[in-house]
Amino acid sequence: MKKTAMTILMGALVSAGVVMESGATVPSSITAHVPGTMNYQGRLVAPNGSPYADGTYTFDIRLYTMANGGDPIWGGTYSAYVKDGYFNIMLGSSGGQALSGTDYTHTELWKALWPDSDNGSNGSSLYLGVTPWQGANGANLSSKVELTPRQTLMSAPYA
């Protein structure tokens, strides 16, 4: 039984290789659809380690090709509910707003993640910068400063 299953599997893999090598196109109904959003979770804590107050906060989130400095290639403004300092944001969603000075709008995250030498992204590391700027009571925070260090995107968000 195991030999039969293995033979069928090997035959399928060889057939797939022949189809791919022959240049035949794979029907789009078979290929996976890659979503244009990426989940991001974080925690806001004060310098003394205590979490920020519960409530809805506003964040500017940018994607860079450099760990420090440089111009962002993508960015969006998002609101998220913070509970015990924890929050969750769907980057690239229509719930955000575009930031000026970026190559791609907030709904074009997938373009920024795609290696493109025209925008300085050559497939090497990309860095996420997070700037909380509006607090739970709707008032601006005391300073609008990007959190450090920027976070390196370590692997493909969708694989």
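Student: Starting with Asp-54, what's its relative accessible area?
Tutor: Asp-54 has 34%, so it counts as partly exposed. Buried means under 20% relative accessible area, exposed means over 50%, and partly exposed is in between (1.4 Å probe, protein chains only). Before going on: this is a predicted model, where local features need pLDDT of at least 70 and side-chain atom pairs count only at pLDDT 80 or more, while totals for chains, interfaces and linings use all residues. Residues are numbered from 1 along each chain as its sequence is written, and side-chain values use heavy atoms, with hydrogens and water left out.

Student: OK. Which side chain does Asp-54 meet in a salt bridge?
Tutor: That of Lys-83, at 3.2 Å from N to O. A salt bridge here is a side-chain nitrogen of Lys or Arg within 4 Å of a carboxyl oxygen of Asp or Glu. The two are 29 residues apart, with Asp-54 in the loop between β1 and β2 and Lys-83 in the loop between β3 and β4. Strands (E, at least two residues) and helices (H or I, at least four) are DSSP runs, numbered from the N terminus.

Student: And Lys-83, buried or exposed or in between?
Tutor: Lys-83 is partly exposed, at 44% relative accessibility.

Student: How many salt bridges does the structure hold?
Tutor: There are 5. One of them joins Lys-144 and Asp-60, whose closest N and O atoms are 3.3 Å apart. Lys-144 is in the loop between β6 and β7 (151–152) and Asp-60 is in strand β2, so this pair ties together parts 84 residues apart in sequence.

Student: Are those two ends buried or exposed?
Tutor: Lys-144 is exposed at 53%, but Asp-60 is buried at 2%. Shared partners also join Asp-60, Arg-62 and Lys-144 into one salt-bridge network.

Student: Which ring does the charged end of Lys-144 sit over?
Tutor: The ring of Trp-133, with 4.6 Å to its centre. To count, NZ of Lys or CZ of Arg must be within 6 Å of the ring centre and within 35 degrees of the ring normal. Arg-150 also has its charged end over a ring, that of Tyr-64, 3.3 Å from the centre.

Student: New topic: how many aromatic pairs are there?
Tutor: The structure holds 3. Phe-59 and Phe-87 are stacked because their ring centres are 4.5 Å apart and their planes are at 25 degrees. Rings of Phe, Tyr and Trp (its six-membered ring) pair if their centres lie within 6.5 Å; planes under 30 degrees apart are stacked, over 60 edge-to-face, and the rest tilted. Together with Tyr-40, those two Phe residues form one aromatic cluster.

Student: Where do Phe-59 and Phe-87 lie?
Tutor: Phe-59 is in strand β2 (residues 55–64) and Phe-87 in strand β4 (residues 86–91). Phe-59 is buried at 0%, and Phe-87 is buried at 6%.

Student: How many residues are in the largest nonpolar core?
Tutor: It has 21, and Phe-59, Ile-61 and Phe-87 are among those with the most contacts inside it. Such a core is a set of buried Ala, Val, Leu, Ile, Met, Phe, Trp, Tyr and Cys residues joined through side-chain atoms within 4.5 Å.

Student: Last one: where is confidence lowest?
Tutor: In helix α1 (residues 2–21), with a mean pLDDT of 41, while β4 is highest at 95. pLDDT is the predictor's confidence in each residue, from 0 to 100. Where pLDDT is low, the predicted coordinates should not be read in detail.
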